[in-house]
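Please work through the exercises below with the sequence and the coordinates open beside you. Each task is followed by a solution that goes step by step.

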Amino acid sequence: MDFTAGKLSNEHKEQLRCASESADPLTVSALQISPKSPRSPKSPKSPGDRHSKHGSDRGSPLKHKKSSHSPRDGRPKKGGCGGKGTWGGLMDTDDVHAIDPNDPNYTSSEEVTDLNCRNSLLQKCRDTERTSTKDMVAAFEEYKKKAIILVEEYFQNDDITSTANELRELGMSCYDFYFIKKLVSMAMDRHDKEKEMAAVLLSALYAEVIKPQQVYKGFSKLLESADDFIVDIPDAIDILALFIARAVVDDILPPAFLAKANSSLPKDSKGIEVIKRAEKSYLSAPLHAEIIERRWGGSKNKTVEDVKDKINNLLIEYVVSGEKNEACRCINDLNMRFFHHEIVKRAIIMAMEKQQAESRLLDLLKKTTEEGIINSSQLSKGFNRIIDNIDDLSLDIPNAKMIFQSIISKGASEGWLCISSLKSLSIQLEKQEIDEKLVKEFKLKAQSMIKEYFLSGDIEEVSRILESENSSCLAELNAIFVKKLITLAMDRKNREKEMASVLLSSVCFPADDVVNGFVMLIEAADDTALDIPIVVEDLAMFLSRAEVDEVLTPQHMEEIGSQFFEPNSIGNKVVLMAKSLLKGRLSGERILRCWGGGGSSTNGWAIEDVKDKIRKLLEEFESGGDAKEAYRCIKDLGMPFFHHEVVKKSLVIIIEKKSERLWAFLKECFSMGLITMYQMTKGFARVAESLDDLALDVPDAEKQFKDYVERAEVEGWLDSTFSFNRLGHNSMENGF
């Protein structure tokens, strides 16, 4: 505003100029002139009064006087405001000044006018806020309608891309939590197909379209509404629990969500039951990820084997082509984030098997980890699965442990693998890297222990010493003990050989440790042959005896044979001879008696005595005896390898007397593990061989036996290799 148009006196102009010079230029606001402003500078009463107060300044021009003529300090206060004659602070306005009743210019109407201004301003703020709230409510209502339409259309066309684009076009991401709630709640009241579609859509939209915070809020709203859902959906608790478990498995909800939601919900809320059901019934179950993913039919009805095949194919194609982007696209297309640990596992095993492809495969793992395609938990799980099976891999991949440790070191040095997340890694490595001094000491103690056992026959003492010397149950030390036991026994008489077999079946080593012990024995057979010419025959007998005593299974025999595939190798000869011994008629009895024993360190019962005891206990049970007593008697025989005789004699009595009581007895023996499938199959095979003799006393023996075979197959008693035709001839492929 121009103040030089003659509206102010020269004296007032000079006072305004002085006030402007004394003000802080940074705090000066635009000057507003109001007729009612109390801050307007007052005109002096008369020039004489001014001169009488400041007599020394008479005759000096005002423009050379920098200070105010007011008795108060006219300089601005701290902050740029205050001081009479100044313009006030930057934010001061005339609309909010205080009314001073002592002001000579004060009128009563001025206070009323000021109050009206304040009320008007407050009303304007309220109207603006009310208008804004109405707009937000209207927008949210509009979003709700569109969200319902989106969900309905998605359930009809199953088009994830179209749904994602339309959700983006809504442009109201702050309300996406409602879309989550509506999608799940509508799917809960539909078939499994829609439930699976909803779970797949949530996984596809996560992070890219819907922010993680909105997903979290959406599921929180679902838990809060659990009490309402149960009115219309009786099994709402189970369905909602499964949706939450699926979200955790698909990595769109953090596992900590359950604990936080549990603490925020009322204790009597149905949401608490949902959380407990999700934790105990789904997320705590073994193999829960696969079970949850397959609960509603799976993702596009893919089986686990199909996914494994696809993973294997994409890794093979990547090794050939080296196209990382294409490999990442294929991984994303699988849409199974919870199963990415299988990709990690297979990639590492392939890198261990094909050294020339190691660099390329590790680059793929690095890229997928850094870009978040494979998260850290899936990466750690894949490595831990290999750590758990490193011993088995060592049988197929030479130096598997060293190669795997090298891969871990490379991953850690490049920054895409966190060693601290491999919880079992340090323990496992300690198991594998045994100090040579410890091994030497254990060998000496084992030799002394075995020699003492050959003198005393005290199995319990050997077991006690083994527990103290190998308290960590190290697999390598167990294998060394097996090797040392059989090596010392082969250089002694039959009594010690029998005692060695009995001890081997009594110490309860893991089967893998026993397998490794036999592999070590066969590898050292060339040196052993210098002292023991019949080493092949002895090793074959020990190996077949281990299978008869059920220390090893036929699968373990095949595993040992796979290590020695050269036709003329000692290992191949040992395995072939052991298989030949097991194929013979009544092989179990002959192998058991080969060293003059009967399952103990001293001469055992005669076979006829055992058969007689079995016949008597079965006849006693069939005539009304106590089942528990019969089970105890079978256990007291101490000959699990001879339980096929129990099966055979029971079947003969069943066919002769049509005794359902004995059939139920066999069923119970099988269910409690007293008679194994191996022994059950062998017992049926022996009856099949003697059907011709049995038919002399029971004409329809063959027909009855066929019926019982069918029943046994339904019960799951018989091995798949057992077959029986109508002529009464049996075909066995499992070495009987």
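The exercises that follow concern a helix pair and several salt bridges in a predicted model.

**Exercise 1.** Determine how helix α28 and helix α29 are oriented relative to each other, and which residues meet between them.

*Solution.* Begin with the axes: those of α28 (residues 554-562) and α29 (residues 570-583) come within 10 Å and cross at roughly 155°. Because angles over 145 degrees count as roughly antiparallel, α28 is roughly antiparallel to α29. The handedness comes next, and the crossing of α28 and α29 is left-handed. Finally, list the contact: Met-557, Glu-558, Ile-560 and Gly-561 in α28 meet Val-575, Ala-578, Lys-579 and Leu-582 in α29, and these residues divide into five nonpolar, one polar and two charged.

**Exercise 2.** Locate the salt bridge between Arg-615 and Asp-612, and describe its setting.

*Solution.* The closest N and O atoms of Arg-615 and Asp-612 are 2.5 Å apart, within the 4 Å that a salt bridge requires. Both residues lie in helix α31 (residues 607-622), three residues apart, about one turn of the helix. Arg-615 is partly exposed at 33% relative accessible area, and Asp-612 is partly exposed at 27%. Widening the view, Asp-612 and Arg-615 are linked with Lys-616 and Glu-619 in a network of salt bridges.

How values were computed. Residues are numbered from 1 along each chain as its sequence is written. This is a predicted model: local features need pLDDT of at least 70, side-chain atom pairs count only at pLDDT 80 or more; totals for chains, interfaces and linings use all residues. Side-chain values use heavy atoms; hydrogens and water are left out. Axes are lines fitted to C-alpha atoms, for helices over the stretch in contact, and angles run from 0 to 180 degrees between N-to-C directions. Helices (H or I, at least four residues) and strands (E, at least two) are DSSP runs, numbered from the N terminus. Angles under 35 degrees count as roughly parallel, over 145 as roughly antiparallel, 65 to 115 as roughly perpendicular and the rest as oblique. A crossing is left-handed if the near helix is turned anticlockwise from the far one by less than a right angle, and right-handed if clockwise. Contact means heavy atoms within 4.5 Å. Ala, Val, Leu, Ile, Met, Phe, Trp, Tyr, Cys and Pro count as nonpolar, Asp, Glu, Lys and Arg as charged, and the others, Gly among them, as polar. A salt bridge is a side-chain nitrogen of Lys or Arg within 4 Å of a carboxyl oxygen of Asp or Glu. Buried means under 20% relative accessible area, exposed over 50%, partly exposed in between (1.4 Å probe, protein chains only).
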